[in-house]
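Q: I've got a new model open and want to learn to read it feature by feature. Can we go through it together?

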Amino acid sequence: GERSMLTFLFVSRMQETSQAFDARVHKRTDEKIVVDAQGGYSEKTSEGEKIGAASISTSGSKDSKANAAIESSTTTTTGGSSLRKADQITWTVASASEINTSMVGVFSSAGFEVVEAEYVEAESGGQLSIERIRKEFSTGDDLGGEVLRSTVNGIRSAGIPLLAIGTLDVGMQDTDPASGNIRIPVTVTGKVLDVSGRFPRTVTSVGPVQFFGIGPDASVARTNALTLAATKAATQMVDELNIKNIK
């Protein structure tokens, strides 16, 4: 049967830079020194006197000695911790026609009235900005609070209740072991928001899940990977919308 209007904004991304941070190490050393000292002192004296016919003489002697012993021991305990900061990744973000074609086909076949985001942008009163969304996705995996609120308000003002949004991350190419052709992975992450109420709510989500595209060169393999990932992601989201009876 007839279902709601739906718009979507999925972008493809490729890693541009990846900045790694060294671990911050904190070390602690505790040292304990114990000193045990012992000492002794003794003194011995003697005196004598001799009286002769014409003289008196005296004599004396003194014998003293001292000893000391010192023992020490050192105990050292070491410990510490290390703190590692997550790598900072920036992405090159672009729209891809194969994403739009695949997703429009799946959502339309399921009965949704699909309106592409470029048309919604013009009706949103400037609140939906595709360029701002792409910029947000160039440095993170989700939209910031301000951009998300503005996007939701813009789509709501255009009278569209459902928004599908997410990313398709293109990985590094390698060789397919079975065919010997180029193989490229694409990792897709996305969700569908119901923006018809006072607060948007996530009604379904997908990923992160990885798909592979194979082709005689990198361009064909990437196109195949994006097409497959977009189709599978949209199909999974439609299936979950059907299970929840969201029209």
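Q: How many helices and strands are there in the protein chain?
A: Helices (H or I, at least four residues) and strands (E, at least two) are DSSP runs, numbered from the N terminus. Here the protein chain has five helices and nine strands, running β-β-β-β-α-β-α-α-α-β-β-β-β-α from the N terminus on. Mind that this is a predicted model: local features need pLDDT of at least 70, side-chain atom pairs count only at pLDDT 80 or more, and totals for chains, interfaces and linings use all residues. Residues are numbered from 1 along each chain as its sequence is written, and side-chain values use heavy atoms, with hydrogens and water left out.

Q: Which residues of α5 are buried?
A: An α-helix has 3.6 residues a turn, so residues three or four places apart point the same way. Buried means under 20% relative accessible area, exposed over 50%, partly exposed in between (1.4 Å probe, protein chains only). In α5 the buried set includes Ala 221, Ala 225, Ala 229, Ala 233, Met 237 and Leu 241.

Q: What happens around the ends of α5?
A: Asp 217 caps the N-terminal end, with a side-chain oxygen 3.2 Å from the backbone nitrogen of Ser 219. Just after the helix, Asn 245 takes a positive phi of about 60°.

Q: Is Ser 150 buried or exposed?
A: Ser 150 counts as buried because its relative accessibility is 17%. Ser 150 sits in helix α4 (residues 145-157). Contact means heavy atoms within 4.5 Å; leaving aside neighbours within four places in sequence, Ser 150 touches Gln 127, Leu 128 and Arg 132.

Q: How many cavities of 30 Å³ or more does a search of the whole structure find?
A: On a 1 Å grid over the protein atoms alone, a cavity is a set of points where a 1.4 Å probe fits but cannot get out, and lining residues have an atom within 4 Å of a point. The search finds one of 30 Å³ or more. Eleven residues line the largest cavity, and those closest to its centre are Phe 8, Leu 9, Phe 10, Asn 100 and Glu 118. About 80 Å³ of space lies in the largest cavity, where volume is the space filled by probe spheres set on the points. β1 gives the largest share of the lining, four residues.

Note on methods. On a 1 Å grid over the protein atoms alone, a cavity is a set of points where a 1.4 Å probe fits but cannot get out, and a pocket is an open set with protein on both sides within 12 Å along at least five of seven lines; lining residues have an atom within 4 Å of a point. A polar contact is a pair of N or O atoms within 3.5 Å; within protein, one must be able to donate a hydrogen and the other to accept it, and residues adjacent in sequence count only if both atoms are side-chain atoms.
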